[in-house]
Every structure is written in structure tokens, then in C-alpha cells.
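Welcome! Let's walk through a protein model together, one question at a time. Keep the picture open beside you as you read.

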Amino acid sequence: MTLIRRRLLLALLLICGSAVIGVAVWEASWRSALRLVATRAESDLGQTSDRLIAQLQSYRELAVLLSDHPEVEALLRPGFAALDPTLQEVSRREAEALLQSIADKTGALRIAVFRRDGRVAARSDLDRSRGVPELWKTAAERALQGALGLVSGVDPETGRRSFAFAAPVFGQRLSPPSGFLAMAVDLEAIEAEWRADPTAVFFRDAKGRVMLSNRSELVLAQMGAGDGGFPDYRAREVAGHELWRIPAGGRYLPRLGLHAERELPQIGMQAEVLLDVSTAQRMAATQTGLAVLASLLAAALGLWVLERRDALRARLAVEAAAKEVLETRVASRTRELSAANTRLRHEVAERKEAEARLKAAQDRLVQAGKLSALGEMSAGISHELNQPLMAIQSFSENAQLLLDRGRTDVVAQNLARISELGARMARIIRNLRAFARQENAPVRAVDPVRVIGAALEMAEPRLRGVALDWQPPAAPLRVMAGEVRLQQVVTNLVLNALDAMGPGQGELAIRLEETDGALRLSVADRGPGLAHPDRIFDPFYTTKEVGPGEGMGLGLSISYGLVQSFGGNIEGRNREGGGAVFTVTLPSIDPAADGEAA
């Protein structure tokens, strides 16, 4: 009996604990769900308010602009009454035609111009017999004070709900308004666009009367009055949110809804929203039921654990022995992993050494490629240096003879020619030295026009007889590259093009274009083209004879690696009409930014 009582007491405690958990979960879930509903209500309220303000704002701006229209101002000028009656009637008809056209195009309910004494100057509906409607009196007084007036209510002439703007009209500058222009907007036409919205939204004026709503039962209902037509509701605050209970709200109003409101001083109204919270209630109830069920299951599991405790004690001893075996295996596996890790570090060190050797071999290969290109151009370069030397010798001998004869003016000309030839030889030797040296500096801003010019100067002996199409761009350009390495790439492409076309013939075209933050350098020839465009960058692939003074198949492979090291790309293809074109794409930089950095 004692065991049964103990179990009953434990069961009662578990039920009470589950009840407490259920209440706590319900409170937390209900508050969380209300926050989500409030967030959505604020969002719906903001969107609807912004939409209404935007729709009315367009009419407001139109009223202000129309008040400054010359035909409207002409009606209210001080000298209008002194005009000939025929001229007055013409001005009225022109103004009324303007107002009627704008009302038809914008959907305005009515546009009218009133004099300061309240008489009608012009109306879009051509009815001049009426004065200022009683509904517009307050807005008219504000407009006659020089400000923009606005008012909402039921239009006395049409019986439709309307919103009106009253803009002052100044017949003369720096003088009080001589009248005002009123524009009435049909609120029912605007409201028709909201009927399908699932959330109940309504806008009421300063007197508490609902002027717009997507629920017809709320239209023109007066809040705060027992017989105002607004449904009875009871408001209470829950977790900082206002909830309305509407027992007889009809099919389209929630019985329990979250109420939110927002002042709209731009249009003199207050926007309010009612969002159904039944989904939030069901969500909180579901979470509470799941929490209670989980607590009961946990309690049942606890009871089962207590009953199984003794049996588990015996199993714990077995598990302890198994744990010892497992620890032994883990220690053994750890030793194996440590040995594997040591081997991996050795492999990483060997790989780094291999990469260093590969980098050194690549550098030597690049240097060998440059020296190979220099060897190919050696005959032409020797001729380029021999010609100035012979000329210098000839000019020097002539200078001696001319000095003996006293021809100092001709001697001065010869010395100037000798200076030009010396500068030319120095430029050739400088390009050779720059091309031949091994560059290890990182990439930097390089002038591609200067690089192309240096490459063409080195290849000048072989360019004789070749039609060169190269026009440097007018704007300065900069690319990220190594100057010597980029010159080697351009030289390789130019020499390959000349080899493909044969000595002293063909056409060589070089283009330099900048697009989308990248620079495209293309070298095109009119040779036989590429037999295997997909293999041109493979090492040792060449269409020339292999041997001294001929190709080794490394020039394009080296160029490919150099361009890749600059973060660029190089590609080759056959040219339309015969020949091949190679395109180098490199990242470009702003020359102005490069100058500032320098």
C-alpha cells in the first residue's frame, strides 16, 4: 500500500508540473505569436498608409501646380473685373476647359477656382452658380491665409465621400492670395482598389468618422458614439498589444483581433488596422499541447528510468570494461595517426622543395626563352648597330676634312648626326639590356604602350617590308604586370607572327583596347594560321624545324605562364580571311589612381 501511495503522489506531482509547464509555455507562445501578428499589422498598416498618402499626394501636387497656371492666375488678377465682358468670358471658358480636361484625365471629382469673397471664378463641371461648399470652409480659410488647406467628408453636391485640397492663388506676387483653387478627390474610387485586402483597415478623420475602409460596414461609422454605427468592441491590453473583441462584427471583421493605429498628419487622418489573431491562438495552443505532451512523456520516461536503474548498474560495469578496451584502441589509433602526421609533414616539406626547384627551373626557362629570342634577332640587331657605326666613322672622317677647309657649319651638322646615331645605338642597347635581364620584382602598374614600343624597336630589323598597323591609344593606360616579362610576351608574339608570314612580307596588326576593367592586347598576322589551336600552348609544340636557330616550342608556353602569373589570360585563334590572332587580357587600373599612389 505504501508503494502504491508513493506512486500516486509521484504521478500527482508530475501532473501538476506538466500543468505549470503548460501555463508557462502558453504564456510565452501567446506573447511570441502576438509579436509576429503585431509586426505584420504594422507592416500592413504602413503599406496601406503609404499607398493612400501617395495617391492623395499626386492630387496635392497637381493642385499646387495648377494654382500657378497662367490661365488660373488670370481669373483672379485685380484688373480682371475691368476687362471687357467678352474677354472675361473667353478667359473663363479657357480656364474651365483646362480644369475639365485635367479632371477627366486624373479622375478628380471636381476642380474649382474661387475668388477671395467666395464667388466661383471657374469650375470643371461648368456650374458657376454655387459658392464655396460648407465642407470646404475650413480648408478655404487656410488657403486664403497662404497655406495649403485640406478637408475630408461627404461631398454635398454628389453625396460621395471626398478629400479636397485648397491651394492659394496669388494674382500678384508679394501680395495676399486673391483666391484659391480647390481639387476634390473621390475617396470611393480609391477605396475600390482595396476591397480584396484580407486585413481590415480603416481611416478616420479628426472627428472619429471612418472615411475610408476595405470593409463596407465601417464606412462613415462614428467611433466613440453609441449609435454611430461602429461595431461594439471590448479592448484589453495583452503583452503590450491592444486586442479588440467584437462579438457582432459580421463575417468580415475578426471576433478577436489585434488593433494598431498610426497618425497621418499629412492628410489629417488616423490609420487603423484589425488583424485576426485566431491563427496565433491556434499556434499557441498547439505549442502548449506539445509542451504538455512532451513533459508527460518525459515524466513517464523518468519513471521508467527509475525502475530500470538497478538493471543499468549491472550494465554499467560491463560498459566500463568495454570503455577500457575502447580507450586502448583509441590510444593505438592515436599513435598510428601521429606517425601518419609525421610522414605527411615530410611529404609537405618535400613538395615545397620540389615547388622551389620547379620555380627556379621556370625562371631559367623564361630567361632561356628571352636569350633564344635575342639569338633570333642577333643578325638584325648587329646590322642595326653596324649601320650607325659606319655612319659615325664616315661623318668623323668628313669632319676632319671639313675642319681643314674651314667648313665649321657643315661640321656642326655632322656632329649633330653623330649624336643622333649615338642616341639610337644607346636606345637599342638599352632595350636589349632591359629585355635580357632577369626580372624578379612583383607585378606593378606598367605602361603597355611603352612595352609594345620597346618590343617593336627590338624587332625593327625584321619589320622592314612588313605592313605594320599600330596606333597607340590617345588616353594613358596602365596594367598590372612585370614590365620585362610583359615585353618578353609581346616580343614572342611579334616574332612568331613575323616567322609565320616570312621575311619582309605580310601584314602585322596590333590593337590595344580597354573594356570592363580589363585591357585586351591583340597581335594579328596574315600567315597560314594555326593548324591545332588547342595545342599551341603545350610545351615543345612547334611547327618550325627543331634545331639551332629554329623553334623549340617553348615561346608560347612561357608566355602562357607569364600572363597567368599576372592574373590575366592569353588565347589564340585563326583570323577571318587568313592568319592568326593572339589576344592577351590583363587587369587594368586607373592611371590617375596610379599617379596618386606613386
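This is a predicted model: local features need pLDDT of at least 70, side-chain atom pairs count only at pLDDT 80 or more; totals for chains, interfaces and linings use all residues.

Q: What arc do the buried residues of H3 cover around the axis?
A: The buried residues of H3 are Gln-88, Arg-92, Ala-95, Glu-96, Leu-98, Leu-99, Ile-102 and Ala-103. They sit on the same side of H3, because the arc they cover is only 155°.

Q: Which strands stand at the edges of the open sheet of five strands?
A: Five strands form this open sheet, in the order S2-S1-S5-S4-S3, with antiparallel pairing. A strand at the edge has a single partner strand, so one side of it is left without a neighbour in the sheet. The twist from one strand to the next averages 20°. The strands at the edges are S2 (120-123) and S3 (149-154).

Q: What angle does the direction of H3 make with that of S2?
A: H3 packs on the sheet, where it touches strand S1 (110-115), S2 and S5. Comparing the direction of H3 with that of S2 gives about 45°.

Q: Which residue in S5 stands opposite Val-169?
A: Strand S4 (residues 161-169) and strand S5 (residues 179-186) pair in the antiparallel sense over eight bridges. Helix H4 (residues 137-144) lies across S3, S4 and S5. Opposite Val-169, S5 places Gly-179.

Q: Is Ala-74 buried, partly exposed or exposed?
A: Ala-74 is found in helix H2 (residues 70-75). Buried would need under 20% relative accessible area, and exposed over 50%. Ala-74 has 22% relative accessibility, so it counts as partly exposed.

Q: How many residues of the largest nonpolar core come from helix H1?
A: The largest nonpolar core has 56 residues, and those with the most contacts inside it include Leu-56, Phe-203 and Leu-212. Among the residues that Leu-212 touches are Leu-52, Trp-194 and Met-269. Helix H1 (residues 2-67) gives this core its largest share, 13 residues.

Q: How many residues of strand S16 are buried?
A: Strand S16 (residues 518-524) pairs with strand S15 (residues 507-515) in the antiparallel sense over seven bridges. Seven bridges also join S16 to strand S18 (residues 580-589), again antiparallel. S16 is largely enclosed by the rest of the structure, because its buried residues number six of the seven.

Q: In the hairpin of S15 and S16, which residue takes a positive phi?
A: The hairpin has two residues between the strands. Thr-515 stands opposite Ala-518 in S16. With a phi near 55°, the residue is Asp-516.

Definitions and conventions
Residues are numbered from 1 along each chain as its sequence is written. Side-chain values use heavy atoms; hydrogens and water are left out. Buried means under 20% relative accessible area, exposed over 50%, partly exposed in between (1.4 Å probe, protein chains only). Helices (H or I, at least four residues) and strands (E, at least two) are DSSP runs, numbered from the N terminus. The arc is that of the directions from the helix axis to the C-beta atoms. A nonpolar core is a set of buried Ala, Val, Leu, Ile, Met, Phe, Trp, Tyr and Cys residues joined through side-chain atoms within 4.5 Å. Contact means heavy atoms within 4.5 Å. Two strands pair if DSSP finds at least two bridges between them. Axes are lines fitted to C-alpha atoms, for helices over the stretch in contact, and angles run from 0 to 180 degrees between N-to-C directions. Lists of a residue's contacts leave out its neighbours within four places in sequence.
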